[in-house]
Amino acid sequence: MAVILDILVQLGQLLLVLLLAPLLTGYVRKIKAHLLRRRGPDLIQPYRDLHKLLRKEVVLADNASWVFRTAPYLIFATTWVAAALVPTFATGLVFSPAADLIAIVALLGSARFMLALAGLDVGTSFGGIGSSREMMIASLAEPALLMIAFTLSLLAGSTQLSSVATYMAGPAVGLRVSLAMALVGLVMVAIAENARIPVDNPATHLELTMVHEAMILEYSGRHLAVIEAAASLKLLLYLSIIGCVFAPWGVAVAGEGFAAYAASLPAYVIKLAAGGFLLAVFETVIAKMRVFRVSEFLGAALMLALLAALLLFVSRGT
Amino acid sequence: MSDPGSLVVRAILIIPAVSAVLLAFLPDDRTTARLNVLGTLLTLICAVTLFLVRPEPGLFLIVDDVNVVFIVLNTFVGFTTSVFSGSYIAHELETGRLTHAYLRFYHAMYQTLMFAMNLALLANNVGLMWVAVELATLTTVLMVGIYRTHEALEAAWKYFILGSVGIALALFGTILVYLASSSVLGEGLEAMAWSVLVQRASAFDPALLNLAFVFLLLGYGTKVGLAPLHAWLPDAHAEGPTPISAVLSGLLLNVALFALLRFKMVMSANSGALAPGPLMVTLGLVSVVFAAFMLYRRDDIKRMFAYSSIEHMGIISFAFGMGGPLANFAGLLHMIMHSLTKSAIFFSVGHIAQVKGTQKMDDIRGLTVSHPLLGWGLVLGVVTIVGLPPTGIFMSEFLILTSTFARAPVLAVVLGLGLLIALGALLYRLNGLAFGDAVGSNAPSRASYVPLFTHLAVVLAAGIFLPPLLVSWFQHVAELLG
Amino acid sequence: MDSFALDVAHLFAGSLVLVSFMLLYQDRMFSLLNIFALHAFVVSVSVAWQAHIQNAPHLYITAAIALVVKAIVIPIVLHRIIVRLGIHRNIENVVGIGQTMLGGIGLVALSIMVMLPITTAEGTLVREDLAFALSVILLGLLMMVSRRNAVGQVIGFMSIENGLILAATGAKGMPLVVEISVAFSILIALIVIGIFLFRIRERFDSVDLHALDRFRGERP
Amino acid sequence: MALDVVLWGVLTLFATGAAAVAGARRGSTSTFVYAVALVVSMVALCMAVWTLLVDPAATPTVSLPIGLPWLGAHFRLDALAAAFLVVVNLGGATASLYGLGYGRHEEEAGRVLPFFPAFLGGMNLVVLADDAFTFLMAWEFMSLTSWALVMAHHRQPGNARAGYIYLLMASLGTLSLLLAFGLLAGPAGSYTFDAIRNTQLSTTVATAVLALTLLGAGSKAGLVPLHVWLPLAHPAAPSHVSALMSGVMTKVAVYGFVRIAFDLMGPPTWWSGGVVLLFGGASAVLGVLHALMEHDLKRLLAYHTVENIGIIFIGLGLGLAFAANDMRGAAALATTAALFHVFNHSVFKSLLFFGSGAVLRSTGERDMERLGGLIHRMPYTAFAFLIGSAAISALPPFNGFVSEWLTFQAILLSPQLPQWVLKFLVPAIGGLLALSAALAAACFVKAFGITFLGRARTSLAQDARETDRLSLGAMFVLVVLCLVAGVLPAYFIDALAPVVQGLVGAQMPRQSAFAWLTIVPIAESRSSYNGLLLFVLIAVAASLAAYVIHRWASHASRRSAPWDCGFPDASAATQYTAGSFAQPIRRVFGSVVFRAREEIDMPQPGDSRPARLHVHLHDLLWDTLYAPVAKAVGITADVLNRVQFLTIRGYLTLVSGALVALLVILAVWQ
């Protein structure tokens, strides 16, 4: 009985992230528009877009193979599962032992792998550009992320996000330079991974510097819809990770009952809102950089993460 | 001396001697090759019976654990080479490189050489052995020059001069040994008999023995082909008829080394004498490394394998120089394995050079395509000679290297690198010779494959299984070698 | 055996070394032959003396062989060859005579040094005889090394053989087999050298080994 | 019993090889040889699995009166041997199955068939050997037979050189192992492994042995900088042999290292772990970077072997470091990770080579730049290759991820190491590992994407046909294994427990006992992973999404020309190529690692010749390590070669010089 209840809560999180993700995307767009003194689309505009796309017919390129057609669903499913395994409103949910931070990173890697292949499938030059650059970015972002995981594990003795969150909420943490560096590194990686400015521009289509959009250029209809949904989920996932690790306040622990969940849910939404706001501000004040500067950007993230880990040794003094 | 054993021993000497005389005078060249084979076969059969009956040692001749294996090896390779020689010489007659008169001479010399080598191995008298080795040298000098080309004459001349100097040095060493022993054993034949020398060596004057050994090492070492005394060897191998190259590398070098071994036993039986080990190790290492580098710049296929023989003689000297039961055993094993393998290589090389009409390696390519049996025979031979398993050479090199490394790591590393460098050169050439598109004549070869593959099979079998009898003999000899 | 006999043997051995030096010193073909004949003669006398004092009549044979073959026949044959080939010019030395002599003295010193620690029952004289024989051998080698001309080298080689005979006869009671083998090898050496010289004459204009060296395998 | 069966199997293999020499010309020989190899491998595989699962404690030994006469040949089947026997024979069985189909069209059958079973037999013997002589004999025999297989297609340009460098490096490796055993066995020559285990080594000797073992086993395994032969030799062989060489033979080399470093040498030292880690890290990153620059499909795979060997050695190095500090649990984790990766890599590398073989067969091309769009022509091969790519890129839920994840978990334990050097080194190695994993994914996007996706770049790719069923069968067996080992790793880890127990004296917690088959290396609060759950969740989520959308939203689709931002009907030549795909990464890493230089040849206006882009890459390791050696050998050979052309007088001088020198020595010595 308890197991079924646990699973229900887990399924609840699955639905929650799925429902919240487009809202987050819409929210960030809205804030950005406000910052540019535009009105911007509705908060729920992403839902409308998805709905519209889902109902449209798919136009497949002549050469598209089954990889092209199955990839969207796999990308979506993988990202969704990954997002559902990150502690949002509660830690220690029943499926959370299925994947620690490293596994979650790897799941995102799987999604990216499929996406990059899909970009190559039709055999156009734009798809190739996107895939190639995406993999270059990932090749730097992933190590940075893993080094951050290393720093956290060093501190919390775990890569399990639930455990990390519990530890970070506890009194033993204190203010640490390492953590700040890890946070900055993580933010940089999140920006790169989510194709945000300055690494990529999600709102462009005719720019030779585009990455993510180049890969999905050939997608249409429901395929495009699930890919967009996956992208939103990914943004949510990263904000959730940052939230649960660096702002682990108000997170319920699994099994505390629905009252606790009800209390922690608003905290989660507030965290997302704050994160989204900061992202929008950041994106507004900074300029897009050349593709080959990205490696320096991410290299800095990697260095920060490494420094964070090494500083930890020094500050711990053991 | 009328027991069956001594009869056999005499037969081993008489058969080749009689054959030599017969072959020198019989005119019909069709049967001479067969007679040659028959003579060596009979000698081989007699030699094999030595495993069963062993005569009492006399003052002139002896059969003991030390030489019995080498006698059988000698007659065996002599026999297989004569088989090979049959088909080789037939081709030489066809192409007109040899005339009938020279053929008679060749066969007579071949049997004389067999006689001389058997005598050297059987001799229980240092003087007699010296005479036999010299006889063997002289016959091979004549055979090396048999083609009478500029190169052949020059090679023979070089061989003759260097060999004669070697002879002289070895004789001086022998005289010194006699001097050392006669003051203890008294004058006469006793003072020159192995069996006595080894037993009484502890009483000899060490200083005299030391001096003697220096001369013997250089004298017989010239025959062995140790660098820097090797100069005659590559050219003699390259310019003479290939059966002679096979016998030279396979047997004569061994016989000379065998002579050195006998003296080394005397040395190690005398505690006051200079340890011969360091000298042999030095010469051996120099030979290995030198020959290994020399292999890289060879164009002539036979000369290349001649250098490989120098390398292997170096390995063997090194092993005996290191001493100890393992290294000595390995050295003995290596002598046998090398002689079988190298002669096998020359068998295939001989036919290859005949078929392709050249000894220049740049003009020989893709043998496994054009002549699969010869080509693969060569591949097997080279793979064996560089010490790849599962052959006897791998076993002996394994023992030498592992047993040395624990005692003298630097030496083992130098030796190992030398082997590796040689392997690099030989494999590099093998690549060109055996693989790729075939170049040159594709004419089928009327080769005798039996000797080639018999040798290779024996070497392979030895790598997997050594007969216990052989092992116990070797272990006994290894003990004597100290 | 009295010490006088040994002293005489010693004298002969010493004079052989002296003759070896004379050989080294020569730079004319014919005088080289003559000195070699003298060399062989000294050996022959020395062997005969040994036969006398050791009471070993078979050594007389060796002495006779040395006298007849090496002191008479070979010089004559070589003389003819030289005349026929027209190579009776000066011998080309690799290094100067002076340096060669210096080297020779060094070699003699080396032989004596090497022989010093030897202790035989017969005493010091045998030791010095051996040292002389070794000197003759080393000087012969030096001669082979320092002469460019084939005839010179052959003579150098034969002087080595003479040194060997000296050593062999000095070793008391050494079975006959050794002497015979020495003679035997000399005989064969001569035959073979003759054959080669003949062939070499056939194909080259001189027996100077430089001509041979031109026909080496593998030289580009 | 199991050991006897395997040894008989090996004998059967050798006999088959010998028989194949005789029947090489006949067509049916191929079927016969591969069938026998398949059966024998299957039997040996069953025996090994049985030993590992049912009876790992029993270590049967057999001693045969062959080999070194007074020693005999010793064989022993312990848990470690059984584990590697599984790898060897799984690879052998699938390669034989693949060969049944693939080998039928072999042009040089006579050069493949005799050596294939012998190669398999040799690898089995290495794993079973229990004395130094038998071990080295089998080891070098394995090299020799694989060399022969590399030389099978000797007429293709480059193969002869590949074979040459291969055998030379293999011999270098054997030589150093030989010397290592010389040290281990001591001057008395106690060559049996039992005797070696019982000897105590001094620190100096242990250092030398470790260095020599790294050199010996590393050169066979393809550890940087000893890897130069590997990308040349592996691709040169027929593809099923490439699979064996890359997937299995390198593992046998790992076995050799494990056997000596963990088993024979006794307690390790911490710095040995550090050294191994360094080599492992360098191999992982350099291997994958080289692979990224490579456009030859098989060579790309071969470079990936270097990378994966690096990952395995990282695990082994950690195991050594932990074991040296008596952190048994951590050592068990690291070693398990390495051994599991051994298995995993053998599975997916074989799979990928099979796939590349199928491509090679149907197109005759290995150059990716001339392929493309094969997914339409060879759908099954493409699917299998895709799974293999995902697995080797360490993507969940496949097997490659699990072992890399375990390695990461072991790395995360490194702060507990007392040595400061290791404390700093291991995180850096972790960074390298992460980098290599990410680059591997990039590389396989390239490999799969350029080869199978997009449009055909040449008519060869256009006319490709799907490969035969037997080959596909072999591939799909491995596909299933990739997935099974990925979603149910608990059983595999448990199977390795006795092996690890024997090596480091501890084992990981029993994994199959955890709820939901989650794998938990240390403790659940620390880290855990559940491939099964992820797989099920992803499968359900994807199917659900697809079902819901198709049911309630839309399922209509139509075909049309690609959109491509409005560019009309571009030719296939405008696709991204392998070179252009790798360009960003080349820009980022290449300038340092490869001294990459791009040269643009742009014609003047009016000039009608095409513009060209030349990319120059340098293999710095080759340039700095190998080329100078080759040059030095060449110069020495030239100098010494003058001795061949002296006059007789010159030679006589040498002889006299030697004599005088010896006499002088004698005079001085006395």
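How many residues of chain A are in contact with chain D? Select both chains and you'll find 73 residues of chain A in contact with 73 of chain D; contact here means that C-beta atoms, placed from the backbone, lie within 7 Å. Before you click on: this is a predicted model, where local features need pLDDT of at least 70, side-chain atom pairs count only at pLDDT 80 or more, and totals for chains, interfaces and linings use all residues. Residues are numbered from 1 along each chain as its sequence is written, while chains are lettered from A and ligands numbered from 1 in the order in which they are written.

Next, pick out α5 (125-156) of chain A, which gives the most to the side touching chain D, with 18 residues. Elements are DSSP runs numbered from the N terminus: helices are H or I with at least four residues, strands E with at least two. Others giving two or more residues to that side include α3 (66-85) and α9 (221-246) of chain A. Color that side by class and you get 43 nonpolar, 20 polar and 10 charged residues. Asp, Glu, Lys and Arg count as charged, Ala, Val, Leu, Ile, Met, Phe, Trp, Tyr, Cys and Pro as nonpolar, and the others, Gly among them, as polar.

Now zoom to β1 (58-61) of chain A. β1(A) runs parallel to β3 (557-560) of chain D, paired over four bridges; pairing takes at least two DSSP bridges. Look for A:V59, whose bridge partner in β3(D) is D:R558.

Terms used. Two residues are in contact if their C-beta atoms, placed from the backbone, lie within 7 Å.
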